[in-house]
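Here are some notes on the helix packing and the disulfides, for your review. Please read them beside the coordinates.

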Amino acid sequence: MWISVALGALAFLAVGASPVLAQPLPFTDGKYVTDASLCPLNDDQMIQRHSDMLGDFVRVINGDQLTDAYEMFCTVKKVTVKGNDVRFRALCDGEGHAETVNGRYVRISSTAFRLGGQTFRLCTAGAQVATPAPTSAISSGDWSAQVGQECAGTTVDMMQCVNRLRDQWDRRLNAAYRRVTDAESDPQKSALRNAQRKWISYRDANCAYYAGGQGSIARIEAATCEYALTRERARELEMMTGH
């Protein structure tokens, strides 16, 4: 499995062994991610969230050491920089295998690079601290874990499954909303209507953050966000009516 992950995620090609001494990459040391929400997570949390797909989203650079925070551990042996084209040779170990590989990054800056159509950016010190979520919401890690229990398969399969769950809860939300408004006085109906409009604005803005990430995982996380928030709001409205 390691060979397929390393070669697919890194776009590396196996080459012969190299006696060249270790050499650092021309980037600031630290964790580079395609999705800023990964910055505050530790290694175990990242693995729990993405398992063997983690190599698609994370690179950790420490001098001449390069890892994907999961199963690939490399020592960079030779670096050649021409403009923004950064090519290097590295000795990589993973799951008992060792081989020398060639890699290529497109440098954006000293803290960002492109690889395989993805942009990796350095986590800043401020990004290492997770921002508390509103008390009515649950973390995206919990969202992913809960959806993972019900939805599996390809990206298309997961998207269809998550959207189906969201639509089911959206129907429950609308039914509960109608029951609450039917039972309330006019002033309370107006207050609830204003609250619901603000909740919709919050849901759309919050989930747009996840949609702004890179690749298929961003689409799944955005859909999961809509599902989770819709479910929580539906449950809240159902409690108002005693259902």
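1. In this predicted model, helix H4 (residues 155–183) packs against helix H5 (residues 186–211) at about 155°, and their axes are 10 Å apart. The two helices are therefore roughly antiparallel. H4 contributes Leu 173, Tyr 177, Val 180 and Thr 181 to the contact; H5 contributes Lys 189, Leu 192, Arg 193, Gln 196 and Trp 199. By class, that is 5 nonpolar, 2 polar and 2 charged residues.

2. The model has 3 disulfides by the distance rule. One joins Cys 207 to Cys 225, with S to S at 2.1 Å. Its torsion about the S-S bond is about -80°, so it is left-handed. Cys 207 sits in H5 and Cys 225 in helix H6 (residues 215–240), so the bond ties together parts 18 residues apart in sequence.

3. Cys 207 is buried at 4% relative accessibility, and Cys 225 is buried at 0%. Beyond its neighbours within four places in sequence, Cys 207 contacts Ala 222, Cys 225, Glu 226 and Leu 229. Leu 229 is 22 residues from Cys 207 in sequence, and 9.1 Å away C-alpha to C-alpha.

4. Another disulfide joins Cys 74 to Cys 92, S to S 2.0 Å. Here the torsion is about 110°, so the bond is right-handed. Cys 74 lies in strand S5 (residues 73–82), and Cys 92 in strand S6 (residues 85–94). Cys 74 is buried at 1% relative accessible area; Cys 92 is also buried, at 1%.

5. Cys 39 and Cys 123 form a disulfide too, S to S 2.1 Å. With a torsion of about -85°, it is left-handed. It links distant parts of the chain, 84 residues apart, with both cysteines in loops. Both Cys 39 and Cys 123 are buried.

How values were computed:
Residues numbered from 1 in each chain as written. Predicted model: local features only at pLDDT ≥ 70, side-chain atom pairs only at ≥ 80, totals over all residues. Heavy atoms only, no water. Axes fitted to C-alpha atoms, helices over the stretch in contact; angles between N-to-C directions. Helix = DSSP H or I, 4+ residues; strand = E, 2+ residues; numbered from the N terminus. Parallel < 35°, antiparallel > 145°, perpendicular 65-115°, else oblique. Contact = heavy atoms within 4.5 Å. Nonpolar A, V, L, I, M, F, W, Y, C, P; charged D, E, K, R; others polar. Buried < 20%, exposed > 50% of the residue type's maximum accessible area, 1.4 Å probe, protein only. Disulfide = S-S within 2.5 Å.
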